[in-house]
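Welcome, and thanks for taking a look at this one.

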Amino acid sequence: MSGPPPDYRPPHDARLAASLLLLRDGEEGLEVLMLRRAERDGDLRSGAAVFPGGVLDPRDRAAHAHATGPDDAEASARLGVAGGGLDYLVAAVRETFEEVGLLLAAPHPDATRLAALAGWRQRLQEGSASIAELCLAEGLRLDLRGLAYYSHWLTPPGLPKRFDTRFFAALAPAGQQAEPDRGEAVELSWLTPRAALDPARELKLLPVTRRTLQDLARFGSAADAHGEALQRRAIGVTMPRRGVTARGALRIVLPDELPWAEVGRLDADGRGDVCTDIVPGRAVRLSPHVLRVTAPNPGPMTGPGTNSYLVGGGDRWTVIDPGPALPAHVQALRDAAPGRIERILVTHTHRDHSPAAAALWAATGAPVWGRRADHPQWQDETFAPDRELAGGERFEVADGLVLEAIHTPGHASNHLCYLLPSERTLFTGDHVMQGSTVVINPPDGDMGAYLDALRGLLALDLEWLAPGHGFLVARPQAVLQGLIAHRLGREQRVADALAAAGQAGLDDLVPVVYADVSPALHPVARRSLLAHLLKLARDGRAVAPDDAERQAWRWRG
């Protein structure tokens with residue numbers, strides 16, 4: 001067994017626990033054993049459909065001497081803990097025996113032997129005996145060889161009960177019949193993941209259970225799921241967060257969902273009061289020096305709307321990206337400003353980012369700073385900056401608070417990002433989006449310049465990205481590296497498709513290169529495809545036709 005270094009430390013308020021996914025093949029494919037928990041007042045897990053499992057018992061450690069499989073050092077290395085890793089595997093087997101009556105042990109207990117052990121099951125539940133005592137008295141060894149480390153979940157902060165749970169997967173023991181204990185488990189079911197997820201079944205599913213079932217639904221057989229789990233490495237902890245929707249309803253947010261990082265920044269203690277929706281016109285204070293106000297212009301290209309930011313302190317505030325020329329948005333910005341707006345910065349002049357500059361200037365007298373685009377197509381014709389920025393300028397936006405302009409061409413020739421070094425935050429406009437990639441639209445858009453600008457940002461000391469659309473984004477370096485890898489991967493698909501065809505036009509290449517993208521987005525993807533081809537031509541790998549939009553491109557290699 002191998003895994004992450006032993007540096008993980010569970011939160012002090014979390015109970016250590018283990019759970020077991022028992023897998024078998026049924027008539028419709030992979031099935032997993034689920035139990036319905038007893039109804040208990042005040043317990044969020046009350047009545048939920050879950051997998052067998054529970055908290056570790058200090059006496060589980062004595063069972064190390066009665067187990068076949070990895071030793072504690074191997075198990076600890078696999079789980080990324082300094083020691084006691086084998087306790088989790090023992091607990092998963094013990095809790096499964098207690099709750100559903102199945103026992104992974106050697107010699108393998110058949111149904112008759114298992115029935116004879118029923119008394120032990122009750123004693124384990126009562127706490128009057130340990131699993132080690134069972135093994136010693138009955139001549140059994142816990143069989144841990146088939147337990148595959150599957151996932152690691154941590155209950156969000158702010159809840160009265162938190163669990164730090166390791167999930168394992170194993171093939172169900174042959175010849176044994178699952179029986180609920182009628183205490184913790186009031187009902188058992190072998191279900192395909194899709195059946196368990198079916199709303200018509202009306203199962204109460206916790207976030208971890210739902211996500212695990214969604215993952216298991218990828219597999220056609222128990223052997224496939226178990227085999228993949230055995231190969232998993234470097235399993236990190238998954239901690240959901242609690243927030244509220246725009247209507248005030250509780251929402252659990254998982255780490256791969258867009259609001260997760262921002263909710264964690266604004267609510268590290270788990271109060272559960274941070275909104276998980278972006279609401280146009282609502283000011284969100286992201287830090288003592290930064291507020292976000294989103295314009296009411298949601299759409300396929302703008303997501304929940306265009307973000308405007310107020311950066312400053314005291315009576316001095318700067319607006320980054322005034323947004324579209326919508327009177328309601330201009331008023332929302334004025335209402336949200338804690339003090340005087342003394343400057344208006346523009347990231348670029350696409351029509352959802354800069355047109356409100358004129359109205360905000362008229363209302364506040366604040367000068368407008370930015371760059372004019374090299375090409376007029378699809379730009380804000382009203383944009384007339386009081387100061388033209390080249391990139392590299394540093395200016396004070398409040399006492400001791402500095403912003404720096406960084407020229408980041410690619411999405412647009414005049415694109416600027418703004419760095420707030422004191423908070424290690426970069427306001428990215430459309431250079432980096434949340435959850436999607438931006439269109440690179442020639443002639444003003446340039447794929448080579450875009451990649452170079454992304455690489456340049458890797459040198460910055462960043463903790464947060466504040467995009468033009470969406471929530472705050474964490475782990476900037478990983479995001480930037482991912483965008484670079486994605487663009488280079490797409491470029492390789494363009495090169496492979498053109499090389500295979502010898503020569504082809506844009507309309508021939510789009511469905512091949514963007515086969516993973518909805519056909520509804522192919523007209524937009526066509527613009528980025530052209531940008532990739534122009535870069536390949538500059539790199540000497542493709543030959544551009546006289547009419548790059550309509551004629552065939554040739555592969556040079």
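Two strands are said to pair if DSSP finds at least two bridges between them. Helices (H or I, at least four residues) and strands (E, at least two) are DSSP runs, numbered from the N terminus. This is a predicted model, in which local features need pLDDT of at least 70 and side-chain atom pairs count only at pLDDT 80 or more, while totals for chains, interfaces and linings use all residues. Residues are numbered from 1 along each chain as its sequence is written, and side-chain values use heavy atoms, with hydrogens and water left out.

With that in hand, let us begin with an open sheet of 3 strands, whose order is E5-E7-E6 and whose pairing is mixed. Strand E5 (67-68) and strand E6 (105-106) are at the edges, each with a single partner strand, so one side of each has no neighbour in the sheet. E5 pairs with strand E7 (residues 141-143) in the parallel sense, over 2 bridges. Within that pairing, Leu142 of E7 is the residue opposite Ala67.

Is Asp143 buried or exposed? Its relative accessibility is 19%, so Asp143 counts as buried; the classes are buried under 20% relative accessible area, exposed over 50% and partly exposed in between, using a 1.4 Å probe and protein chains only.

Contact here means heavy atoms within 4.5 Å. Setting aside neighbours within four places in sequence, Asp143 is in contact with Thr68, Leu104, Ala105 and Ala106. As for Thr245, the C-alpha atoms of Asp143 and Thr245 are 46 Å apart in space, and the two residues are 102 apart in sequence.

## Strand E1 and its partners

Which strands does E1 pair with? Strand E9 (residues 162-171) runs parallel to strand E1 (residues 14-26), and 10 bridges join them. Arg15 has Phe163 as its bridge partner in E9.

Strand E4 (residues 53-55) runs antiparallel to E1, with 3 bridges between them, and Val55 in E4 is the bridge partner of Ala17. Strand E2 (residues 29-37) is antiparallel to E1 too, joined by 4 bridges. E1 and E2 form a hairpin, with 2 residues between the strands. In E2, Glu31 is the bridge partner of Arg24.

## A helix crossing

Next comes a helix pair. The axes of helix H10 (residues 327-336) and helix H11 (residues 356-364) come within 10 Å and cross at roughly 50°. H10 is therefore oblique to H11. Axes are lines fitted to C-alpha atoms, for helices over the stretch in contact, and angles run from 0 to 180 degrees between N-to-C directions. Angles under 35 degrees count as roughly parallel, over 145 as roughly antiparallel, 65 to 115 as roughly perpendicular, and the rest as oblique.

The crossing of H10 past H11 is right-handed, the term used if the near helix is turned clockwise from the far one by less than a right angle, with left-handed for anticlockwise. On the H10 side, Val330, Leu333 and Arg334 make the contact, and on the H11 side Ala356, Ala359, Leu360 and Ala363.

## Backbone details

Where are the cis peptide bonds described here? One joins Ala106 and Pro107, with omega about -5°; Pro107 sits in the loop between E6 and helix H3 (111-116). The peptide bond from Pro442 to Pro443 is also cis, with omega near 10°, and Pro443 belongs to the loop between strand E24 (425-429) and helix H12 (447-457).

Positive phi values turn up in residues other than glycine. Ala234 has phi near 50° and lies in the loop between helix H8 (222-230) and strand E11 (237-238); Ala234 is exposed, at 60% relative accessible area. Arg475, with a positive phi of about 55°, is in the loop between strand E26 (473-474) and helix H13 (476-501). Arg475 is exposed, at 62%.

## Cysteines

How many disulfides does a search of the whole structure find? The result is 0, where a disulfide is a pair of cysteine sulfur atoms within 2.5 Å. Cys275 counts as buried at 18% relative accessibility, and Cys417 is buried with a relative accessible area of 0%.
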